[in-house]
Amino acid sequence: MDQSVRSVLDDFALTADMHVVEKPVDPKFELGAVLQLRERDETQLFTSVIGHSVRVFGNLLNTREKIARGLGVSLDELPSRCIAAVEKGTAVQYVSEAPVQQVVIDSVVELKDLLPVPAWFERESGPYITAGVIIAKHPITRERNVSIARLRLEGGNRIMAGIAPSHHLAQLLRIAGSLNQPLEIAVVIGNHPAVLIGSQMYVELGYDELEIAGSLIGDPIRVVKCKTIDVEVPAEAEIVLEGRLFADQSIEEGPVSEFPGFYVYYGPGHAGEITCMTHRTDPLYHAIVPGYAAEHLLLGGVAIEATTCRALQAVIPSVRRVVITEGGMGRLHAIISMHRPKLGEGKRAVMLAMGQVNLLKLVIVVEDDIDPLDWRQVEWSLAARFNGAEDLMIIHGVKADRCEPQHRDYTVTKIGMIATTRPGDDTPGGNREPARAPQAILDMVRANLNEY
Ligand SMILES: Cc1cc2nc3c(=O)[nH]c(=O)nc-3n(C[C@H](O)[C@H](O)[C@H](O)COP(=O)(O)O)c2cc1C
Ligand SMILES: [Mn+2]
């Protein structure tokens, strides 16, 4: 199958899920503002970016429907496909010729001239590459790691990478530093949805996220060796930057936006350089709004759902599904759907989920007779099946992630809400027996509803 993101854009265009912006736009703030104001609309393709010939697209995977479509599955199949991909990867396939190497620029003088990298928010101190999938190898085992981290352009060929210390990429950089080596990185821009989603899966260090990507689409990801470093990249991507990060050099970041939609102050980031760029003859540049915006939230959310659901199901088989909500910033709030949980089992699921994902702060457990993606139904569950005296969990002073917007000294209060039916409550004569027409009539009408 075609593993290019341009094939996905073409597919979206067929159903008017893509909009072409011909009006010239400034990559400084203006382009980002359009993407943000059209956060949940069609995918946007900017054909005239002031000062650049490279076209830019954004809001690619800004709905669950588009993520599913990009992976070639239905919306209903999306969760199980993601879980299956984490369970069993598909090894990459090595090729020697690659569209992403149609053009090779082996002396990078000024990145700002080469690429239309947007400046996003007023108080950030430079333009950021936000959809760069960074591929690096463990300095000793040579195992591959694939993840996204923001890269700020520092002038010339210099970059600053903002990487959470716990992420694998940061771990690899520390290992390289202990060996007095730089860490070679390939920054891949313009990726197929499978690579973007794969890059977000919470798996162990040493696990190659490109294998998850291959499994997501049932097709091994074709990779080609970089021109100047010992790293392989998806052959059908749009643009690759080859370079390295230096463990012993840092650059102060200043205010930077995060997924809650606020500025945060992380202090110094890692310094690096880009020394070679390869790309297709007419490359497309992917820009993801790096804040509280649907594409950023959903990419992480859909991946976190899969790994969390898998971890819960391993110990609580009645867990059916985990949804990480967009309102909860794609990181902080989860809905767990369970099939007729035993008394107390919902609370156990909440504790496991919070143990699994550091960021989770509010977890609501519902039954699998309602759709966890439909907030009206979740709220109905809270109204009908939740009793604050017994079903509310409040856990004070839990260690919080640095991104938690409410943290005090890096701790936060975590909340669990169990909105499920107590065993026995819904039996005939109980006070939560559902009122409905006879089942046979309901089934008959449902089957023939379009005749009425
Ligand atoms: C659009 C987008 C931007 C991201 N930016 C960053 C970032 O700047 N820094 C970071 O540490 N993680 C960032 N992430 C999250 C990581 O890519 C993600 O947690 C990944 O699973 C980490 O993988 P690793 O542990 O293999 O390095 C971003 C994710 C997305 C979807
Ligand atoms: Mn990893």
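Student: Which strands do the buried residues of α11 pack against?

Tutor: The model is a predicted one. In helix α11, residues 375–385, the buried residues are V378, S381 and R385. They pack against three strands, namely β20, β21 and β23.

Student: Within what arc do the buried residues of α11 fall, seen down the axis?

Tutor: An α-helix has 3.6 residues a turn, so residues three or four places apart point the same way. V378, S381 and R385 are the buried residues of α11. They line one face of the helix because, seen down its axis, they fall within an arc of 65 degrees.

Student: Which exposed residues does the face of α11 turned away from its buried side carry?

Tutor: The buried side is made up by V378, S381 and R385. The face turned away from that side carries the exposed residues W375, R376, A383 and A384.

Student: In what order do the strands of the sheet with β19 and β22 run?

Tutor: The sheet is open and its pairing is mixed. Its edge strands are β19 (319–324) and β22 (392–399), each of which pairs on one side only. From one strand to the next, the twist averages 20 degrees. The order of the 5 strands is β19-β20-β21-β23-β22.

Student: What angle does the direction of α9 make with that of β19?

Tutor: Helix α9, residues 294–315, packs on the sheet. It touches β19 and β20 (333–338). The angle between the direction of α9 and that of β19 is about 155 degrees.

Student: Is V365 buried or exposed?

Tutor: V365 has its place in strand β21. Its contacts, leaving out residues up to four places away in sequence, are I336, M338, G346, A349, V350, I418, A419 and T420. A residue needs 20 or more other C-beta atoms within 10 Å to count as buried. V365 has 29 such atoms within 10 Å, so V365 is buried.

Student: How far apart in space are V365 and E390?

Tutor: In sequence, V365 and E390 are 25 residues apart. Taken C-alpha to C-alpha, their distance in space is 14 Å.

Student: Is M329 buried or exposed?

Tutor: M329 is found in the loop between β19 and β20. It has a positive phi of about 65 degrees, although it is not a glycine. Because it has 24 C-beta neighbours inside 10 Å, M329 counts as buried.

Student: Elsewhere, how many bridges join β14 to β17?

Tutor: β17 (residues 268–279) pairs in the antiparallel sense with β5 (residues 103–105) over 3 bridges. With β10 (residues 158–162), β17 pairs in the antiparallel sense over 4 bridges. Strand β14, residues 239–252, also runs antiparallel to β17, and the bridges joining them number 11.

Student: How many charged residues does the shell around ligand 1 have?

Tutor: Ligand 1 is surrounded by 20 residues, the closest being S147, R150, A164, H167 and H168. At least two residues of the shell come from each of β8 (144–148), α6 (168–178) and α9. By class, the shell has 9 nonpolar and 10 polar residues, and the number of charged residues is 1.

Key: Residues are numbered from 1 along each chain as its sequence is written. Chains are lettered from A and ligands numbered from 1 in the order in which they are written. This is a predicted model: local features need pLDDT of at least 70, side-chain atom pairs count only at pLDDT 80 or more; totals for chains, interfaces and linings use all residues. Two strands pair if DSSP finds at least two bridges between them. Axes are lines fitted to C-alpha atoms, for helices over the stretch in contact, and angles run from 0 to 180 degrees between N-to-C directions. Two residues are in contact if their C-beta atoms, placed from the backbone, lie within 7 Å. A residue is buried if 20 or more other C-beta atoms lie within 10 Å of its own, exposed if 12 or fewer, and partly exposed in between; C-beta atoms are placed from the backbone. A residue is near a molecule or strand if its C-beta atom, placed from the backbone, lies within 6 Å of it. Ala, Val, Leu, Ile, Met, Phe, Trp, Tyr, Cys and Pro count as nonpolar, Asp, Glu, Lys and Arg as charged, and the others, Gly among them, as polar. The arc is that of the directions from the helix axis to the C-beta atoms.
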